[in-house]
Amino acid sequence: MGKSVLVIEDEPNISEAIGFILSRDGWRVATHANGVDAVEAVQARKPDLVILDVMLPGRSGYDILRDLRADAATGALPVLILTARGQARERRLASEAGASHFMTKPFSNAEVLEAVNALIGA
Amino acid sequence: MPREGRGFDLTGSRIRERRLHLGMKQADLARAAGISASYLNLIEHNRRRIGGKLLLSLAAALGVEPSALSEGAEAALLAGLRQAAASVPQAGAELERIEEFSGRFPGWAGVVSAQGRRLAALERSVEALSDRMSHDPHLAASLHEVLSTVTAIHAAAGILVAETALEPEWRDRFHRNIAEDSARLAEGARRLVAELEDEEAQAADLATPEDEVEAWLAAHEHHFPALEAGGSVDALLEGETRLGTDTARRLARRLLERYAGDAALLPADRLAAALPKGPLDPGALAVRFGLDPARMMRRLAALPRAAWEEVGQPVPGLVACDASGTLTFRKPLERFALPRFGAACPLWPLFQALSRPMMPLASVVRLAGRSDRVFRIHAIAQPFGPPVPNREPMFEAHMLFQPAPGIEAAATLPRIGITCRICPKPACRGRRDPSILAEVP
């Protein structure tokens, strides 16, 4: 059980709930709550997967994602984008920035589990 | 800028315009001014600047003030024209001949310049409107807040339900999170509603003239004592400051003139004294007062609230439409709104009446909604305007609707709506648009 995930989400109760269900599923979970140093946090922790909220304090999730994609070490890292907006425009932005998967709030716990496991091919 | 000097002095063009206007030959004018015809020709084509004594003698020969020939077109007009030209560069306006244009056609130039200004103003308000709709930061922030808390509650509740063997610490923790988040959700939802209401209030400032007239009629409760007493529409509109636009005043005038005509035939107090305590029958009342049924419906809709309270009846609403189905008169009720945009429910007796001209229709219906309310409805379609031999009459329909609180909303009563988008009626044969409300199974 070596799978690890970094949840970058500023809403503590959301990251707590996601963290709980993922750890029950056997993941090693770390959380991070702001956008400014999120890229550094990913580089330091080297998770197998990142769950990234779009609206973060300090920096947009899309900017963070673009930086991750530009870096060879994280260029292929599976990233699940969370957003409160579900319009087509938002989906396009996410896929242009390089999102592996896109999920609209509110989502169910089962959807999150299914998505993250599909992303790492478990 | 080689032609600028000419561009700004078109005295010659004005001399030529004036001479042609008088039907005078170039040679005659030249002789009167004491110059050669060829020199005058150069002047008239703006190839020679003139001034002083020659300008005075030409002006005298043409019978105009010298300033009328020498003064350029107004700078403001030119600026307006330049701006209008700049906003449509692909039209290729001849900017080098701008003064010639404004000098020769001052009226048309005024129209172009005024339209340019108006277009710019309209573009600004369209921008402001669409900006507010799509980028309202407060609205977006409130929505985001609500969705975030819903997500947190949803996730925590999901864990509480799915994890049967949850440790007590965790269970307490998620319970606490749900309690916190639901308080935030309540606050966020309240703020969202407040902002939407605010938005609505702002939208009222940008209402159409029709909305303006409707609000104005509602403020008067559709009753105008001055007109009942034989006062003139002019006098009534004179002192009215709430109707801002000319279009609104014109619409109001048309309605009021009809009102005054109705009131002259049957003043409100006479009709009020004849109101029955039981169910209303506009047809019978019409016969009794020698009016046509549509006019009687309009008179009933114009009665003051007090007259209805007197006989213990709810105030009725009225809607009229022309043969195209366009609503031309609207007195909505709080419980029976009339659509502002888009078309009404095709099941309204108002529209059925159009296919059965001159036939009074009476029915009791349920208005589809969260809880159906019962209304008594009277409708009729009648020709309007003077009858002209061998010309098809134009029809208009009226529909009077009055709440009937005493009647139970039985399933056997026909069910009608306001407009498709906000109507929950399932499997409706009249449905045009999908409903934004969940369908009732």
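Chain B holds an open sheet of six strands in the order β2-β1-β5-β4-β3-β6, and its pairing is mixed. Strands count as paired if DSSP finds at least two bridges between them, and the elements themselves are DSSP runs numbered from the N terminus: helices are H or I with at least four residues, strands are E with at least two. This is a predicted model, in which local features need pLDDT of at least 70 and side-chain atom pairs count only at pLDDT 80 or more, while totals for chains, interfaces and linings use all residues. Residues are numbered from 1 along each chain as its sequence is written, and chains are lettered from A and ligands numbered from 1 in the order in which they are written.

**The sheet of chain B**
- At the edges of this sheet sit β2 (327-331) and β6 (415-416) of chain B, each pairing on one side only.
- Strand β1 (residues 317-322) of chain B runs antiparallel to β2(B), and four bridges join them.
- Within that pair, Leu318(B) has Lys331(B) in β2(B) as its bridge partner.

**Chain A at a glance**
- Chain A has five helices and five strands, and from the N terminus on they follow the pattern β-α-β-α-β-α-β-α-β-α.
- Of the 122 residues in chain A, 40% are buried; a residue is buried if 20 or more other C-beta atoms lie within 10 Å of its own, exposed if 12 or fewer, and partly exposed in between, with C-beta atoms placed from the backbone.
- Among contacts in chain A with a separation of 6 or more, 56% link residues 24 or more positions apart; two residues are in contact if their C-beta atoms, placed from the backbone, lie within 7 Å.

**Strand β1 of chain A and its partners**
- Strand β1 (residues 4-8) of chain A is mostly covered, with four of its five residues buried.
- β1(A) pairs in the parallel sense with strand β2 (residues 28-32) of chain A over five bridges, and Leu6(A) stands opposite Ala30(A) there.
- The path from β1(A) through α1(A) to β2(A) is a right-handed β-α-β crossover; right-handed means that, with the strands pointing away from the viewer, the path from the first strand over the helix to the second runs clockwise.
- β1(A) also pairs in the parallel sense with strand β3 (residues 49-53) of chain A, over four bridges, where Ile8(A) stands opposite Leu52(A).

**Asp53(A)**
- UniProt lists Asp53(A) for "modified residue: 4-aspartylphosphate" in an unreviewed entry, and such annotations may be inferred rather than shown by experiment.
- Asp53(A) lies in strand β3 of chain A and is buried, with 25 other C-beta atoms within 10 Å.
- Leaving aside neighbours within four places in sequence, Asp53(A) is in contact with Ile8(A), Glu9(A), Asp10(A), Gly61(A) and Leu82(A).

**Helix α3 of chain A**
- In helix α3 (residues 61-70) of chain A, the buried residues are Gly61(A), Ile64(A), Leu65(A) and Leu68(A).
- These residues fall within an arc of 100° seen down the axis of α3(A), so they line one face of the helix; the arc is that of the directions from the helix axis to the C-beta atoms.
- They pack against α2 (38-45), β3, β4 (79-83) and α4 (88-97) of chain A.

**Where the chains meet**
- Between the two chains, 15 residues of chain A are in contact with 14 residues of chain B.
- Helix α1 (residues 12-24) of chain A gives the largest share of the chain A side, seven residues.
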